[in-house]
Amino acid sequence: MAVPILKQRDYLIANIQAALTDDDLRKLRDALVAQVGEFRSRGVIVDVTALDVMDSFAVRTLRDLAHMSRLRGAETVIVGIQPEVAFAMTQLGLTLEGVATALDLEEGLAYLDRKTKRKTTVR
Amino acid sequence: MADTRMSSTPVISPPARDESTTVLLRELVAHLRQSRTQLREEWARRITEAKLLTAMTPEEIFAEATAVYDNYLEALETGSIEALETYARNLSERIIPRGVETHEVVGIVLLLRDVLARSLFAKYQQDFHQLNRILDAYEPAANRIANTVAVGFVQERERVIRQQQEAIRELSTPVLPVRERLLVLPVIGIIDPQRARQLTEQLLRGIRINRAKVVVMDITGVPAMDATVANHLVQTVEASRLLGATVIVTGLSPEIAQTLVNIGVDLGKMNTVGDLQGGIEEAERLLGYKVIPITVEAPVATS
């Protein structure tokens with residue numbers, strides 16, 4: 001199942017709607033990293049609100065995505081991790097080290113605005 | 001749950017009822033019905049003598065005794081303990097809050113069993129063979145009734161205990177909003193693994209509901225923790241970060257500090273401040289607040 005990638009100002013937003021296969025995840029990562037260059041994006045937001053499982057592959061792929069897009073000039077923030085998922089992840093030692101996280105899309109946007117030091121008008 | 005808890009777990013399988021047993025029981029019950037007034041009084045008297053049900057007045061004991069007696073006979077006659085089960089559960093609900101103990105309930109049912117047995121002895125003392133047959137029919141049924149009532153009482157007590165445990169657990173770790181996006185979580189008392197898990201759940205849920213950015217977890221009231229719980233604490237801090245919130249831990253005792261150092265906590269991940277005041281100040285700083293004292297002399301400063 002393909003994940004739609006939305007472009008909003010300088011940011012790319014990927015909203016995951018349903019559980020993804022490993023292959024879908026890889027495709028998402030590659031698409032985002034490619035589009036960061038294409039649109040000269042400064043930030044990437046991956047919304048995982050719909051996921052109720054995050055396995056080691058998903059966590060690694062998201063971490064790789066964050067690192068790869070940073071090398072190409074964009075900050076990545078993962079938003080919407082569910083409480084149960086978060087705790088299960090830490091118990092498995094999958095803590096997304098070095099990757100920014102935020103409560104939801106709104107927080108993620110606020111984080112990127114702060115991080116990229118760009119004044120943007122909401123509303 | 002209420003309707004399955006007893007019927008789904010038969011403690012004693014129903015005694016085999018052949019034709020003659022049924023006939024005997026019917027005869028037996030007819031006799032006990034006839035002597036109802038006398039036997040019931042005898043029973044109530046023995047309850048008082050044995051100093052059972054001291055939490056209840058004699059009138060109450062007599063009223064309950066009447067109801068139990070009739071239910072008892074019905075259970076003997078029909079062999080169905082369903083009505084008795086319902087009554088026993090209902091009785092337990094009424095008398096447990098008044099402090100009636102398990103031994104009292106078991107005691108009164110056994111007393112009734114004995115009173116009735118005595119009456120049977122008296123009636124059939126001339127015919128030993130017949131008495132034996134009557135007792136063969138009576139005893140399994142009576143034991144089953146006693147068992148049912150006792151088990152019902154204990155189950156009701158356990159239900160009350162579970163309910164209270166739940167209530168204590170819910171009260172034990174309040175998640176308190178202090179300012180917008182700032183939560184305080186005071187933890188008091190020993191944390192066992194079960195409480196730790198529940199604490200984590202409540203904290204993570206609190207973060208989501210209040211959209212918190214910073215949480216101050218104050219563990220001044222926690223005297224000690226073992227490595228398992230300390231590890232759990234570290235995991236909780238990490239899980240909170242995944243939700244986008246920073247956790248500041250305050251009030252670590254020397255013992256807990258030692259435990260954390262012994263398990264080799266990565267201090268880069270743990271944000272700790274000496275006391276709750278310092279923790280809240282740090283949290284305000286992270287959130288961009290600045291607290292300025294208002295004095296009478298100085299004009300109110302604006303930031």
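1. Within chain B, Val215(B) has Val247(B) as its bridge partner in S4(B). The two strands concerned, S3(B) and strand S4 (residues 246–250) of chain B, run parallel and are joined by five bridges. Helices (H or I, at least four residues) and strands (E, at least two) are DSSP runs, numbered from the N terminus. Two strands count as paired if DSSP finds at least two bridges between them.

2. On provenance: this is a predicted model, in which local features need pLDDT of at least 70 and side-chain atom pairs count only at pLDDT 80 or more, while totals for chains, interfaces and linings use all residues. Residues are numbered from 1 along each chain as its sequence is written, chains are lettered from A and ligands numbered from 1 in the order in which they are written, and side-chain values use heavy atoms, with hydrogens and water left out.

3. The sheet of chain B is open and has five strands in the order S1-S2-S3-S4-S5, with mixed pairing. Strand S1 (176–179) and strand S5 (271–273) of chain B are at the edges with a single partner strand each, so one side of each has no neighbour in the sheet. From one strand to the next the twist averages 30 degrees.

4. Two helices of chain B are placed against this sheet. H7(B) lies across S1, strand S2 (182–188) and S3 of chain B, at about 165 degrees to S2(B). Helix H10 (residues 276–287) of chain B packs on the sheet and touches S1, S2, S3, S4 and S5 of chain B, its direction making about 175 degrees with that of S3(B). Axes are lines fitted to C-alpha atoms, for helices over the stretch in contact (heavy atoms within 4.5 Å), and angles run from 0 to 180 degrees between N-to-C directions.

5. Chain A also holds an open sheet of five strands, ordered S1-S2-S3-S4-S5 with mixed pairing. Its edge strands are strand S1 (5–8) and strand S5 (100–102) of chain A, each pairing on one side only. The twist averages 25 degrees from one strand to the next.

6. S1(A) and S2(A) pair in the antiparallel sense over four bridges, and Gln8(A) has Tyr11(A) as its bridge partner in S2(A). The two strands form a hairpin with two residues between them, where Arg9(A) in the turn has a positive phi of about 50 degrees.

7. The interface involves 17 residues of chain B in contact with 20 residues of chain A. About 1,700 Å² is buried between the chains, 55% of it from carbon and sulfur atoms; buried area is the accessible area (1.4 Å probe) that two parts lose on being put together, summed over both. In chain B, Arg208(B), Arg211(B) and Leu242(B) lose the most area to chain A, together 38% of what that side buries.

8. Five salt bridges cross the interface of chain B and chain A, counting a side-chain nitrogen of Lys or Arg within 4 Å of a carboxyl oxygen of Asp or Glu. The structure holds 23 salt bridges over all chains. Arg211(B) forms a salt bridge with Asp104(A), with the closest N and O atoms 2.3 Å apart. Arg211(B) also meets Glu106(A) in a salt bridge (3.6 Å, N to O). That pair runs from helix H4 of chain A to the loop between H7 and strand S3 (214–221) of chain B.
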